[in-house]
Amino acid sequence: MKKALIQMGEQTIIERTAQLFQNIFEEVIIVTNQFKDYHHLNTKLTKDLIPDAGPLGGLYSGLKTSSHKYSFVAACDMPFIDPAIIFHLQNYAQSNAYDVIVPEFNGFIEPLFAFYSKRCLPTISNHLQRKDLKIRSIYSFVKVKQVQCDKFAESEKAFFNINTKHDLQLAKKLYYG
């Protein structure tokens, strides 16, 4: 199952996300090895520059492709992204003081819903070469700002992602009411 292509209402998750991001950002990049599934989205597409490197490899590919100093990165399986949280995090990126701006909710950070600076590329490259593929493993080597996001009423829903069939059922229940 391609999680990004799960239908939620009239759109797939990725269609909804791409549309939302196009309203917020000048440039929207999808990292995929299946261009045919995403050509209709009117976004920039790039393949994994380092195959089989998981989300860290996707992060690397997106940052390398980006024309901007900071990029907002989100997982493709998050159907309830809240733009208010993105704007809240973006305020910290404008200071240029951090390499990563990551939300914290209920004591947990969300590395696949965060701003990353191109300054992270050498560290990510190093980790990829060592096959240390956890995004969080780069955090000790870059300047990270954890931003408390508990104040957003919909935070729990905004950070919800679909990993199992149970998650999919719950997402549909949350979406359709």
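A residue is called buried under 20% relative accessible area, exposed over 50%, and partly exposed in between. Keep in mind that this is a predicted model.

Q: Why is Arg 130 called partly exposed?
A: Arg 130 has a relative accessibility of 47%.

Q: What makes the meeting of Asp 132 and Arg 130 a salt bridge?
A: Their side chains come to 3.5 Å, N to O. The cut-off is a side-chain nitrogen of Lys or Arg within 4 Å of a carboxyl oxygen of Asp or Glu, so this pair qualifies. Asp 132 is partly exposed too, with a relative accessible area of 25%. Elsewhere, salt bridges with shared partners join Lys 2, Lys 36 and Asp 37 into one network.

Q: Why is the pair of Asp 37 and Lys 36 called a salt bridge?
A: The closest N and O atoms of Asp 37 and Lys 36 are 3.4 Å apart. The limit is 4 Å, so the pair counts as a salt bridge.

Q: How do you know whether Asp 37 and Lys 36 are buried or exposed?
A: Asp 37 has 16% relative accessibility, and buried means under 20%, so Asp 37 counts as buried. Lys 36 reaches 62%, and exposed means over 50%, so Lys 36 counts as exposed.

Q: Why is Thr 43 called buried, and what is Thr 43 in contact with?
A: Thr 43 has 18% relative accessibility, and the limit for buried is under 20%, so Thr 43 counts as buried. Thr 43 is placed in the loop between β3 (29-31) and β4 (44-46). Leaving aside neighbours within four places in sequence, Thr 43 is in contact with Ala 18, Gln 22, Val 28 and Ile 30.

Q: How do α2 and α4 pack?
A: Helix α2 (residues 54-65) and helix α4 (residues 121-129) pack at an angle of about 145 degrees, with axes 10 Å apart. On the α2 side the contact includes Leu 56, Leu 59 and Leu 63, and on the α4 side Ile 124 and Leu 128 are among the residues. The contact divides into 7 nonpolar, 3 polar and 1 charged.

Q: What makes the chain as compact as a globular protein of that length?
A: The chain holds 6 helices and 9 strands. Its radius of gyration is 16 Å, close to the 16 Å that the globule rule gives for 177 residues, so the description applies. Of the 177 residues, 48% count as buried.

Definitions and conventions:
Residues numbered from 1 in each chain as written. Predicted model: local features only at pLDDT ≥ 70, side-chain atom pairs only at ≥ 80, totals over all residues. Heavy atoms only, no water. Buried < 20%, exposed > 50% of the residue type's maximum accessible area, 1.4 Å probe, protein only. Axes fitted to C-alpha atoms, helices over the stretch in contact; angles between N-to-C directions. Helix = DSSP H or I, 4+ residues; strand = E, 2+ residues; numbered from the N terminus. Contact = heavy atoms within 4.5 Å. Nonpolar A, V, L, I, M, F, W, Y, C, P; charged D, E, K, R; others polar. Rg over C-alpha atoms; globule rule 2.2 N^0.38 Å.
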